Amino acid sequence: SEEIYFEIIRKKTASLIASCCACGASSTGATDESVRRMWKFGELAGTAFQIKDDLFDYQKDNKTGKGHGTDIRDQKMTLPLIWLLNNSEWREKRRIINIVKNHPDDPLQVAMLVERVHNSGGIDYAMRRMEEYRDRALELLYQYPDNEYRRALAELVLYTTSREK
């Protein structure tokens, strides 16, 4: 489910970035409220980062070095695939789960599943969710005065969500 997917991201990538942001704020003597805000900023930015990373798996010619369909071969349920499952009929869901569980090393099955994700709108959905997290992170960041540090953090968030590799 999406809830489990986002919980995994929160405990993995998002908590790492959140910790870094909160520690950075704390090390400068920031208020407790500012440290909490930077934690939340990092959590949102980290979630957006991870969704973007998961989207690379569905690009045929990506520049990341990550192979096409790697997450499916590793039996990872990422947001685009979850979208497909949530928007498929019962019989199709069983077929998708069967491929992920029992045929993750079959290149034709994986390629077909990647194509199904594209055709289902799963990529667009994941992009929209990534942009939501990006925008929420930027909203928190823009509560701070405009300066070189805020601009650098904003550029970092924008880069991580628009990067090609």
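This is a predicted model: local features need pLDDT of at least 70, side-chain atom pairs count only at pLDDT 80 or more; totals for chains, interfaces and linings use all residues.
A salt bridge here is a side-chain nitrogen of Lys or Arg within 4 Å of a carboxyl oxygen of Asp or Glu.

Select Asp-146 and Arg-150 to begin. Their closest N and O atoms are 3.6 Å apart, and the two residues form a salt bridge. Arg-150 counts as buried, because its relative accessibility is 17% and the cut-off for burial is under 20%.

Next, select residues 2-27, which make up helix 1. Its 26 residues should span 38 Å at 1.5 Å a residue, and the 35 Å between its end C-alpha atoms agrees with this. Centre the view on Ala-14, where helix 1 bends by about 50°. Ala-14 is also among the buried residues of the helix, which include Tyr-5, Phe-6, Ile-9 and Cys-21. To see what covers the buried residues, display helix 2 (32-56), helix 4 (79-86) and helix 7 (122-141), which are included in that cover.

Glu-7 meets Arg-10 in a salt bridge of 2.6 Å, N to O, and meets Lys-11 in another of 3.5 Å. An α-helix has 3.6 residues a turn, so residues three or four places apart point the same way. Arg-10 lies 3 residues from Glu-7, and Lys-11 lies 4 residues from Glu-7. Glu-7, at 31% relative accessibility, is partly exposed, as is Arg-10 at 34%; Lys-11, at 58%, counts as exposed.

Now select Glu-2, Arg-129 and Glu-132, which are linked in a network of salt bridges.

Terms used. Residues are numbered from 1 along each chain as its sequence is written. Side-chain values use heavy atoms; hydrogens and water are left out. Helices (H or I, at least four residues) and strands (E, at least two) are DSSP runs, numbered from the N terminus. The expected span of a helix is 1.5 Å times one less than its number of residues. The bend at a residue is the angle between axes fitted to the seven residues ending there and the seven starting there. Buried means under 20% relative accessible area, exposed over 50%, partly exposed in between (1.4 Å probe, protein chains only). Contact means heavy atoms within 4.5 Å.
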